[in-house]
Amino acid sequence: MSATSAHINEHRDDTASKLGMWLFIFTELMLFGGLFITYSVYRYSHSGAFHLAAQELDVTMGTINTVILLISSMTLAMSTTAIQKKDKRTTLILIGITLVLALVFLVNKYFEWSAKIGHGIWPGSPLLEELGRGDTLFFGLYFFMTGLHAVHIIVGMVILIVVFVFVWKDKLTFDNFQLLENGGLYWHLVDLIWIFLFPLFYLIT
Amino acid sequence: MTSNDSENKGYKSYLEEDGGRKGIFKWILSTDHKRIALLYLYSMMVWFTVGVVLGLLMKLELIAPGQTIMGPQSYNATFTVHGVIMIFLIVIPGLPAVFGNFMLPIQIGAKDVAFPRLNLLSWYIYVLGSILVILSLFGNGPPDTGWTFYAPYSFKTGTNMLPAALGAFVLGFSSILTGLNFIVTIHRMRAPGMTWFKMPLFTWTLYGTGWIQLLATPIIGITLLMVAGDRILGIGFFDPAKGGDPLLYQHLFWIYSHPAVYIMILPAMGVISEIIPTFSKKTIFGYKAIVLSTLAIAFVGYFVWGHHMFTSGMSGTALYTFSILTFLVAIPSAIKVFNWISTMHQGSISTDIPFLWAASFIFVFLIGGLTGLVVGALATDVHLHDTAFVVAHFHFIVFGGVGFAFFGAIHYWFPKIFGRMYDKSWAKTGWIIFFVGFVTLYGPMFYLGMIGMPRRYFDYLDEFHGPNIVSTLGALVMIAGLLIILTNLIKAARHGEKTTEMNPWGGTNLEWQIPTPPPLENFDEIPVIEKATYKYD
Amino acid sequence: MSDTSHHIVPYSTYGLILLLLLVLTGTSVAVTQIELTKWSTAVALLLAGTKSAFVLAIFMHLKFDQKIFRIMAVLIILLLASVIIITFLDYAFR
Ligand code: HEM
Ligand SMILES: [Cu+2]
C-alpha cells in the first residue's frame with residue numbers, strides 16, 4: 001500500500017495466513033451451522049412431509065453434482081502437489097479443470113432450480129402454500145441452503161481465477177504458494193458442505 | 001526502571017508519522033493498528049452521543065404516566081434504535097476494536113496485528129454497517145421491533161426493519177474479522193519469550209473474545225438473513241402460519257446474543273485485571289485462575305442462551321438445564337471478583353482515577369452479576385422477565401461493566417495513546433457525579449420491575465410514578481457527569497499538557513516500556529521477554 | 001518461517017481418496033434408494049461424516065499439518081454438535 005504498510009511484507013508468515021484461512025472456514029461452518037440447526041429442528045417436527053417432499057428432488061442430478069464437486073476437490077488438491085514439483089503447466093491445467101467443473105455444477109444447479117420453478121415450486125409460491133407446511137419448510141430450506149452454497153461456489157471461483165492468474169504470472173511459485181493452498185481450503189469447505197447437503201435433501205426419500 | 005522519559009530519543013511517534021498523506025487520509029488510509037484504534041474510538045463517540053440522547057428521550061417520556069413527549073410508536077422506535085446502536089455499534093466492538101487494536105500488538109511485543117490491511121477493512125465494514133443503521137431511520141420510519149428483532153413481528157412490521165437487520169449483519173462481519181485478526185496475531189506474533197502464560201490478562205481476554213466473535217457471530221448473521229428471506233420472499237422459516245417456529249428464531253438469536261454479552265464483558269474484565277495490579281502495586285492474585293476462568297466463561301457461555309426464553313414455552317427439560325448451566329457460568333465470573341479483591345488486599349493502593357473506575361466497576365458488576373442469578377433462576381425469572389428489573393440488570397452489567405471498564409481504560413491508557421494528560425481533578429469530579437447518577441438511574445428499576453412494571457412501554461400505571469421520577473433525575477445527573485468526563489478528555493486530547501513519561505502509573509506490561517506516544521512500529525527491536533508479567537520488585 | 005515445511009502429497013494419494021469418496025457416495029445412494037428404514041438417514045449421515053473426515057484429513061492437509069489445526073477443527077465440530085443437542089433439549093421434550 002505505502003510507507004506505513006511496507007513493513008508488513010518484510011517477512012512472510014505462511015502459517016499465519018493459513019491459520020487465518022482456517023479461522024474463516026470455522027466461521028463459515030457456523031454460518032451453515034445455523035441452517036443445519038434449522039434443518040434438523042424442522043426435519044424433526046415435520047419428518048413425514050420432509051420424506052415426501054424429498055422425492056420431488058432428482059437424485060441422479062444430485063449424485064452427478066456430488067461427483068463433480070468431489071473430482072474438482074481432487075484436482076485442486078493435486079494442484080498443490082504440482083506447484084511444489086515446480087510444474088507450472090500442470091498446476092494451471094488442474095486449476096482450470098476445477099474451474100470448469102465448478103461451472104458445470106452451477107449449470108446443473110440452474111437447470112435443477114428452473115425445473116422446480118417450472119413446476120410452481122419457489123419460496124413463497126402459491127403451490128407450496130397448498131402443499132402444506134412441511135413442503136413449505138423443506139423447499140424453503142432447499143432453496144436457501146443450496147442458494148447460499150451456490151454463492152459460495154461463485155466466490156470460490158473468483159478466488160480460483162485470481163489464483164490462476166497469479167500462478168500464470170509467476171506470483172505464486174513452489175516456495176510461495178500459500179494463496180493457492182488457502183484457495184484450496186476454501187474450495188474444500190464448499191465441497192464439505194455439499195457432502196452434507198446432498199444426503200439431507202436428496203437421499204431421505 | 002532506568003529512564004522513565006522518552007524525550008530526546010530521536011524518534012517519531014505514530015501521531016507524527018503520517019505516511020506522506022494529508023489531512024483525513026492520514027487516518028482513513030493508514031494500516032497502523034494504533035491509528036485504526038483511534039478511528040474506531042472517534043466513530044464510536046459519535047454513535048455513543050446519539051445513543052445517549054435517545055436514552056435520555058426515553059427517560060423523559062417516562063418521567064410521568066401518560067404521553068409526555070412522545071407517543072407509543074416513537075417510543076418503540078426510540079428503544080429499538082437505542083438498543084441497536086448501543087449493542088451493535090458500541091459495546092460489542094467497543095473494547096476490542098479500540099483498546100484491543102491499540103494495545104494487543106504492543107502487549108505481546110509485536111509491530112502490528114497479523115493482517116493490518118484486513119484490520120483497516122474491518123473498520124470500513126463497520127462504517128458501512130453504521131450507514132445501514134442510519135438508513136433504517138428514513139423511508140417507512142425507524143424499526144420498532146426492539147434490538148432483538150423477534151419474529152414474527154420483525155418480518156411483519158411495516159417499518160424499516162430490513163436495513164437495521166442488514167446493518168447488524170454487516171457489523172457482525174466486521175466483528176468476525178477483528179476476532180480472526182486477533183487470534184492469528186496472538187498465535188503467531190508473540191515476541192520471543194512471551195509464552196502463553198506470560199501474556200497480559202487483557203490480551204488473554206481478547207483471545208477468548210476473538211473465539212466468540214468468530215464462532216457465535218455467524219449464527220446471528222444467518223438468522224437475520226433468514227428473517228430477510230421471510231420478509232422479502234415470504235419463505236416462512238419463522239412464520240407459524242407456514243409451519244415455521246418463532247421460538248426457533250429466539251433460539252438462534254440467543255445462541256449468538258448470549259455469547260455476545262461475553263464478547264462485551266470479557267475484555268472489560270481484562271481491563272480491570274490490568275488496572276487493579278498497577279494501582280495496588282502488587283502481582284495479580286491467581287493469574288492462572290483468571291486465565292482459566294476467562295476460557296471457561298467463553299466456553300460455557302455458549303450453552304446458556306435459553307435463560308432468555310424461560311417464559312416463551314420451551315420444554316421443561318430445556319428450562320431446568322438452561323437454569324443450571326446459567327448458574328455454572330456465574331462461578332468463573334465470581335472467581336475473577338475474588339481475584340481482584342485479593343490483589344488489592346494489603347497492596348499499596350493509589351486512588352488515581354483509573355483505579356476509581358475499576359473499583360466502581362467491581363461494585364456495579366457485582367450487582368449486575370448477582371441480579372443475573374436472580375433472573376437466571378427459573379422461578380424468579382417467571383415473575384421478573386420482561387420487566388424493568390431485566391433492564392436494570394443488563395444496564396448494570398453492560399453499561400456498568402463495559403462502560404465503566406471503557407472509561408477506566410481510557411483514563412489509564414490516555415497518556416500513552418495521546419502523549420497528553422487530562423485534568424485529574426475534573427476526571428474525579430466527573431466520575432463521582434456519573435457514578436451517583438448511574439446508580440440513581442438504574443437502581444429504582446430493580447424495584448419497579450419487582451412491583452411489576454413491564455419494559456418497552458411508553459406509559460405506565462400511576463403507582464409506578466415515584467421511582468420513575470427518581471430514575472429520570474438520575475439520568476440527568478449521570479449525563480451531567482458524562483459531559484464533564486467527555487469534555488475533560490476531548491480538551492486534553494487536543495490541548496492537554498504534553499507528557500513523554502513512559503510509565504506514569506508504574507505498570508509492568510510492555511506498553512509501559514516503550515516511548516510515549518509509541519513510535520510507528522512500537523518497538524525498534526522486538527523485545528525478548530524474561531520476566532513473568534505483573535511482577536513488582 | 002521454517003515450521004511450514006511442506007509435505008508433498010503424491011498425486012496417487014489424492015486419486016485414491018477420490019476413489020474412496022466416490023465409493024462412499026455410491027454406497028449412501030444405494031443404501032437410501034433400496035429401502036427406507038429408520039436407519040437409512042443415520043447411515044447416510046455416518047457416510048457423509050466419513051467422507052468429510054477424508055476431505056479434512058487429506059485434501060485439506062489436516063493430517064500433515066501442525067496439531068493445533070486438528071485440535072481446533074475437532075473442537076469446533078464438537079461445539080456445533082453440542083449446540084444442536086442442547087437445542088433438542090427443547091424440541092425433543094416438548
Ligand atoms: C452472572 C452472570 C449473568 C447471568 C446469570 C445473567 C442472566 C441473565 C438472564 C437470565 C437474563 C434474561 C432475563 C429475562 O429476560 O427475563 C439476562 C438478560 C440480559 N443480560 Fe444477563 N446475565 C449475566 C451476565 C450478563 C453479562 C455479563 C451481560 C453483558 C455484558 C449481560 C447482558 C444481558 C442483557 C443485554 C440482557 C437482556 C437482553 C434483552 O432481553 O434485551 N448479562 N441475563
Ligand atoms: Cu444471557
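In chain C of this predicted model, confidence is highest in helix H3 (residues 67-91), where the mean pLDDT is 96. Helix H2 (residues 40-59) of chain C has the lowest confidence, at a mean of 92. Over chain C as a whole the mean pLDDT is 89, and 90% of the residues reach 70 or more. The model scores ipTM 0.94 and pTM 0.94. Where pLDDT is low, predicted coordinates should not be read in detail.

**The copper ion (ligand 2)**

- Three histidines of chain B coordinate the copper ion: B:His258 through ND1, B:His307 through NE2 and B:His308 through NE2. Their distances to the copper ion run from 1.9 to 2.0 Å.
- Along the sequence, the donor residues follow the spacing H-x48-H-H.
- B:His258 belongs to helix H8 of chain B, while B:His307 sits in the loop between helix H9 (287-300) and H10 of chain B. The two residues are 49 places apart in sequence, so the pair ties together separate parts of the chain.
- Is B:His258 buried or exposed? Its relative accessibility is 5%, so B:His258 counts as buried; the cut-off for buried is under 20%.
- B:His307 also counts as buried, because its relative accessibility is 14%.

**The iron atom of ligand 1**

- Which residue of the protein is a donor to the iron atom of ligand 1? The single donor is B:His393, whose NE2 atom is 2.2 Å away.
- B:His393 is part of helix H13 of chain B.
- The iron atom of ligand 1 and the copper ion (ligand 2) are separated by 4.4 Å.

**The surroundings of ligand 1**

- There are 22 residues around ligand 1. Those that come nearest are B:Asp381, B:His385, B:His393, B:Phe394 and B:Arg455.
- B:Asp381 has an N or O atom in its side chain 2.5 Å from an oxygen atom of ligand 1.
- For B:His385, a polar side-chain atom lies 2.6 Å from an oxygen atom of the ligand.
- B:Arg455 places a polar side-chain atom 2.9 Å from an oxygen atom of ligand 1.
- Which elements give two or more residues to the shell around ligand 1? They are helix H8 (246-280), helix H10 (316-344), helix H11 (353-376) and helix H13 (388-418), which belong to chain B.
- By residue type, the shell contains 12 nonpolar, eight polar and two charged residues.

**Chain A**

- How many helices and strands does chain A have? Chain A has eight helices and zero strands, and its pattern along the sequence is α-α-α-α-α-α-α-α.
- The C-alpha trace of chain A spans about 60 × 35 × 25 Å along its principal axes.
- Chain A has 205 residues, of which 63% count as buried.
- Helix H5 (residues 88-118) of chain A has 31 residues.
- After H5 of chain A comes A:Gly120, which has a positive phi near 85 degrees.
- An α-helix has 3.6 residues a turn, so residues three or four places apart point the same way.

Note on methods
Residues are numbered from 1 along each chain as its sequence is written. Chains are lettered from A and ligands numbered from 1 in the order in which they are written. This is a predicted model: local features need pLDDT of at least 70, side-chain atom pairs count only at pLDDT 80 or more; totals for chains, interfaces and linings use all residues. Side-chain values use heavy atoms; hydrogens and water are left out. pLDDT is the predictor's confidence in each residue, from 0 to 100. Helices (H or I, at least four residues) and strands (E, at least two) are DSSP runs, numbered from the N terminus. A residue is near a molecule or strand if one of its heavy atoms lies within 4 Å of it. A polar contact is a pair of N or O atoms within 3.5 Å; within protein, one must be able to donate a hydrogen and the other to accept it, and residues adjacent in sequence count only if both atoms are side-chain atoms. Ala, Val, Leu, Ile, Met, Phe, Trp, Tyr, Cys and Pro count as nonpolar, Asp, Glu, Lys and Arg as charged, and the others, Gly among them, as polar. The expected span of a helix is 1.5 Å times one less than its number of residues. Donors are N, O and S atoms within 2.8 Å of the metal (3.2 Å for Na, K and Ca); water is not among the atoms, so sites may look incomplete. Buried means under 20% relative accessible area, exposed over 50%, partly exposed in between (1.4 Å probe, protein chains only).
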